[in-house]
Amino acid sequence: MKKTYAIAAALMLLAPFVAQAQTPSTPVLDQRQANQEQRIQQGVQSGSLTQRETARLDRGQDRVQRIQDKANADGTVTRKERIRMQHAQDVESKRIYRQKHDRQHDFNH
């Protein structure tokens, strides 16, 4: 009986570490993704992005998220996968900048 409690206690103590080990750590990439989505929302609010531009940028962010989800799927993010995600985020960041500064405005906001 005591052995069962000891095993149960050990499993409860190890559970957070096991869960953490299964989830790949990409906090920098996650934060950058959130920042880019915030930049898009700021552009919508200021009117510097049209509805069409916003939809296009949202699709680009979805594409980056799919790349990240695919990299995280096996539980390990390799250096090559990180580089691919960073490149995809670089491309989207440049697109966000270009669309926000292209002198097309949505004056309906």
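Thr 50 touches Gln 104, His 105 and Asp 106, leaving out residues up to four places away in sequence. Thr 50 itself lies in the loop between helix 2 and helix 3. The model is predicted. Its chain holds four helices and zero strands. From the N terminus on, the elements run α-α-α-α.

**Chain overview**

- The chain has 109 residues, and 28% of them count as buried.
- Take the contacts in the chain with a separation of 6 or more: residues 24 or more positions apart account for 81% of them.

**Thr 50**

- Is Thr 50 buried or exposed? Thr 50 counts as buried because its relative accessibility is 18%, and the cut-off for buried is under 20%.
- The contacts of Thr 50 include Gln 104 and Asp 106.

**Helix packing**

Two packed helices are described by the angle between their axes and the distance between the axes.

*Helix 2 with helix 3*

- Helix 2 spans residues 27–46 and helix 3 spans residues 51–72.
- Their axes come within 11 Å and cross at roughly 170°.
- Helix 2 is therefore roughly antiparallel to helix 3, since angles over 145 degrees fall in that class.
- Helix 2 contributes Leu 29, Asp 30, Gln 33, Gln 36, Glu 37, Ile 40 and Val 44 to the contact.
- Helix 3 contributes Thr 54, Leu 57, Asp 58, Gln 61, Val 64, Gln 65 and Gln 68.
- By class, the residues of this contact are five nonpolar, six polar and three charged.

*Helix 2 with helix 4*

- The axes of helix 2 and helix 4 are 11 Å apart, and the helices pack at an angle of about 15°.
- That angle makes helix 2 roughly parallel to helix 4, because the class takes angles under 35 degrees.
- The crossing of helix 2 past helix 4 is left-handed.
- From helix 2, the contact takes in Leu 29, Arg 32, Gln 33, Gln 36, Arg 39, Ile 40, Gln 42 and Gly 43.
- From helix 4 come Arg 82, Met 85, Gln 86, Gln 89, Asp 90, Glu 92, Ser 93, Ile 96, Tyr 97 and Lys 100.
- The residues of this contact split into five nonpolar, seven polar and six charged.

*Helix 3 with helix 4*

- The axes of helix 3 and helix 4 come within 10 Å and cross at roughly 170°.
- So helix 3 is roughly antiparallel to helix 4.
- On helix 3, the contact residues are Glu 53, Arg 56, Leu 57, Gly 60, Gln 61, Arg 63, Val 64, Ile 67, Gln 68 and Ala 71.
- On helix 4, they are Glu 81, Arg 84, Met 85, Ala 88, Gln 89, Glu 92, Arg 95, Ile 96 and Gln 99.
- Seven nonpolar, five polar and seven charged residues make up this contact.

**Nonpolar core**

- Which residues make up the largest nonpolar core? The seven are Leu 29, Val 64, Ile 67, Ala 71, Val 77, Met 85 and Ala 88.
- At least two residues of this core come from helix 3, and at least two from helix 4 (79–100).
- Helix 3 supplies the largest share, three residues.
- In soluble globular proteins, nonpolar side chains tend to be buried together.
- Ala 88 touches Val 64 and Ile 67, residues up to four places away in sequence not being counted.

**Met 85**

- Met 85 sits in helix 4.
- Met 85 counts as buried because its relative accessibility is 2%.
- Setting aside neighbours within four places in sequence, Met 85 is in contact with Leu 29, Ile 67, Gln 68, Ala 71 and Val 77.
- Met 85 and Ile 67 are 18 residues apart along the chain, and their C-alpha atoms are separated by 6.6 Å.

**Arg 84**

- Arg 84 is also placed in helix 4.
- With a relative accessible area of 48%, Arg 84 is partly exposed.
- Arg 84 and Ala 71 are 13 residues apart in sequence; C-alpha to C-alpha, they are 9.4 Å apart in space.

**Arg 103**

- Where is Arg 103 found? Arg 103 belongs to the segment after helix 4.
- Arg 103 counts as exposed, at 76% relative accessibility.
- Most residues other than glycine have a negative phi.
- Phi of Arg 103 is near 65°, a positive value in a residue other than glycine.

Key. Residues numbered from 1 in each chain as written. Predicted model: local features only at pLDDT ≥ 70, side-chain atom pairs only at ≥ 80, totals over all residues. Heavy atoms only, no water. Axes fitted to C-alpha atoms, helices over the stretch in contact; angles between N-to-C directions. Parallel < 35°, antiparallel > 145°, perpendicular 65-115°, else oblique. Contact = heavy atoms within 4.5 Å. Nonpolar A, V, L, I, M, F, W, Y, C, P; charged D, E, K, R; others polar. Core = buried A, V, L, I, M, F, W, Y, C linked by side-chain atoms within 4.5 Å. Buried < 20%, exposed > 50% of the residue type's maximum accessible area, 1.4 Å probe, protein only. Left-handed = near helix turned anticlockwise from the far one by under 90°.
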